[in-house]
Amino acid sequence: MSWISEERLKKLAERFGFIKIVDNPQASVIEVPKENLIDFLKFLKEDEEYQFKMFIDWTVIDHGKKADPRFQGVLILMSPKNWERIIIKVWATDERLPSLIPLWKGAKWAEREAWDMFGIKFDGHENLVRMFLWETYPYHPLRKDFPVRGYEEVELPSLNEKERFDQLEGMMNYSRKHTALPTLEDLEITQKKRMPNKKSQMVLNWGPLHPGTHGTIWFLFDMEGEYIKDCDIIIGQLHRGVEKLAENLNVQQIITYTDRMDYIAAINENHSVCIAGEKLLGIHEKIPEKAKYIRTMMAELSRINSHLLWLGTYALDLGALTMFLYTFREREKLMDIFEGITGARFTINYFRVGGVYADLPYGALDAIEHFIKELPERINDYETLLTRNRIWLKRNIDVCIIPEEDVYEYGLTGAVARASGVPYDLRKIDKYDAYGEVEFDIPVGEKGDSYDRYLVRMEEIRQSIRIVEQCVAKLRKMSKNDPFFYEPEDKKMKITIDGRGTKLKKGEVYAGADNPRGELGVYIYMPKDGIKPYRFRLRSGAFYNLQVFTKAIIGRPLADAITLLSTIDPVVGETDR
Amino acid sequence: MGIKKVGLNRNVRPQTLAEKIFFLDFIKGLKTTIKHLFRKVITVDFPYEVVEPTPRFRGVHGLRNVDGTEKDDFDAWVKKLKIKPPEKGETRCIACKFCQAACPVPDIFEIKAKKLDVPKDHPHYGLKVLDVFNMDLGKCMFCGLCTLACPTICIIHTDIYDLSTYSRRGWVLDKEKLSKIADDFIARRGSEKYDEKSEWPDYQRLWNEADLARAKAWENNPPKLGPNYADQT
Ligand code: SF4
Ligand code: SF4
């Protein structure tokens, strides 16, 4: 696991007397006083030896009403020099924290989210507005004193169902009360606050229900003729509070909710939670070999599935309708395979903390081999249609360049980071599951334009095929009686396939998987052993990747918005959580 | 780390002058699309053609009845929960509520057992039977955790996916409806999914190979299913 090395951490503690190293076996955590935070981070970011310049996540923990101070900020950084991580915690006295925007521009949305969810003010933030909820919403839902069901205070008579005058009873009846909903005025206020200083003549609204936005994203473009001068994005239409829900569930139940985040690559979302849960329990090395290979294989198939959908819709957006039909033909076969193995086509829920819930059914490997064998030829077909087509080149080359510094500044991950020349891939860095044992290359782009992002994803499909081939070969050699789920030797540890009684251990951990849309990291904080996680943070790759849209689009014509959005490829279920 | 560099001039050649002048890029693309013109249709014409869901498919729930294929510890469970030993054709449910405990949305279930009203000398005195079992499938997300938790393999997923009704009341299924769904399913496809001890056998197939609609989606060239592992037959 790639955490800052012991010796470097000690050196750091010697140099800065105020650092407190938290005793935590699963991750390297330090506590820093609020006054020293900015100077210390500046050192960490700029010092030659450490170079923790990549922003990963910045969030808050609520320690409950009685604790003083109540809130604690959690910052996760990555050093691209040594490929190692560090967690820095800081107490938010007076419910205030210093803003990190001068150091990392990516902190902007993270801080808005923390304000929205916890009500923490950030000193020095340029426009601290809410991230997901509308501006006039009175609560901060991730606070521990906010009930899971919310406050049901609006009357919606349509919820109460009557059939032919009979009053329905029990389960068939629904309460008339509903939690708060935004009205049109609320939305208008929200929109104005998001873009307080109009720079030019016209603000163009794009979305939230536009087919080109691939979900419910609402864009605000400040336009000067055809060119975009300023941009902000209103998301949250799909916000369901998965983090809040997770605090009231056991870890196997949370996996079902992550299915509904990035629904295009549900398997990968499940994977992240499993990796984090296993790391926290310290069993990640004891997972049965078979489960590891099945998971790696399924995760890569899911990546192919996701990239096929991306390619189809991306080409469709740029006017190549045929591509969409071709990729969906291939995708359909993959969905069939998923349906046969896991029982669902879309919301998979196949992985468990500790393995998978069932072995492969008869014939699964044959179907996968069959599919993998004919896929390379199909991809060549796609490439003859697109890669060197002059329209495609014109619409992609040098469009919306994302430079390498922005990858670090905004915490970009996945294909977007790799296209800008940063070989950041958790599969290589963390080597979770069987990724340490299979061979594959990381595709890396040159300058970070849309064309590079396209090529990187195309190459990723090819590399995924390579991984799947190796996994199938390895699985073929195993026995049908090999276990697919981890049985703890330790009597005190309880892990079940159905999740009843699965217990988490005290400690904190940050782990994740490299998903088709970037790194979905899971940060779990447990002050004591228990079934429900105390704080369950989902660091969404799509969320941070979408943030760079607001910068990369500046100065580009409106038509490029489609290209950029498609090549960033966010899924609203994951950005909104 | 294995790194592969991609980009124009790296793994993609830029267009040559000849390609630009003679529109060779378009001609190549047209070749691909024309090739597809002669392929067979792959669209499954729903609802006239229906793909049969796979054996593992997680559809509408059912409650299985006793039919002689219970697990070995079934009687022990019945005894432990003080349930009247069920006859053939009666429900397997022992009202243990494990399904509800595993479910992420527990208010889907309403499970109640009642004491039998029999005199003291009756052999069933003091035993219980299942009284109410309602499921509100409008709230269900078909995750399958309840079916994994059930100790008697009573609650199962069937292959029914069409759950549309005119009002939400249609989504609330009671125990009679659930039992009927399960009976139908077991009669139709039980042997595909379960062995004689109600476990998932290792001959359980990825999907039914005789399904023509699925074969059509696979361009009439579906994979031949065989054993996965070296020691599987
Ligand atoms: S499938 Fe999942 S959500 Fe539905 S009843 Fe079972 S456990 Fe609950
Ligand atoms: S777990 Fe099975 S036996 Fe227990 S109450 Fe649920 S359906 Fe009945």
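This is a predicted model: local features need pLDDT of at least 70, side-chain atom pairs count only at pLDDT 80 or more; totals for chains, interfaces and linings use all residues.

**Rings and a ligand**

Student: How many aromatic pairs does the structure hold over all chains?
Tutor: It holds 41. Rings of Phe, Tyr and Trp (its six-membered ring) pair if their centres lie within 6.5 Å; planes under 30 degrees apart are stacked, over 60 edge-to-face, the rest tilted.

Student: What kind of pair do F16(A) and F43(A) make?
Tutor: Their centres are 5.0 Å apart and their planes lie at 65 degrees, so the pair is edge-to-face. F16(A) is in the loop between α1 (6–15) and β1 (20–22) of chain A, and F43(A) is in helix α2 (residues 37–46) of chain A, 27 residues apart. Helices (H or I, at least four residues) and strands (E, at least two) are DSSP runs, numbered from the N terminus.

Student: Is F16(A) buried or exposed?
Tutor: Buried, at a relative accessible area of 15%. F43(A) is buried too, at 14%. Buried means under 20% relative accessible area, exposed over 50%, partly exposed in between (1.4 Å probe, protein chains only).

Student: And what about F57(B) and Y161(B)?
Tutor: Their ring centres are 6.2 Å apart, with planes at 80 degrees, so this pair is edge-to-face. It ties together parts 104 residues apart in sequence. F57(B) is buried at 13% relative accessibility, while Y161(B) is partly exposed at 44%.

Student: New topic. Which residues come nearest to ligand 1?
Tutor: Of the 14 residues around ligand 1, those are C103(B), C140(B), C143(B), G144(B) and C146(B). Near means that a heavy atom of the residue lies within 4 Å.

Student: How many in that shell are nonpolar, polar or charged?
Tutor: The shell has 11 nonpolar, 3 polar and no charged residues. Ala, Val, Leu, Ile, Met, Phe, Trp, Tyr, Cys and Pro count as nonpolar, Asp, Glu, Lys and Arg as charged, and the others, Gly among them, as polar.

Student: Last one. Which peptide bond at P69(A) is cis?
Tutor: The bond from D68(A) to P69(A), with omega near -5 degrees. Another cis bond joins F46(B) and P47(B), where omega is about 5 degrees. Most peptide bonds are trans.

Technical notes
Residues are numbered from 1 along each chain as its sequence is written. Chains are lettered from A and ligands numbered from 1 in the order in which they are written. Side-chain values use heavy atoms; hydrogens and water are left out.
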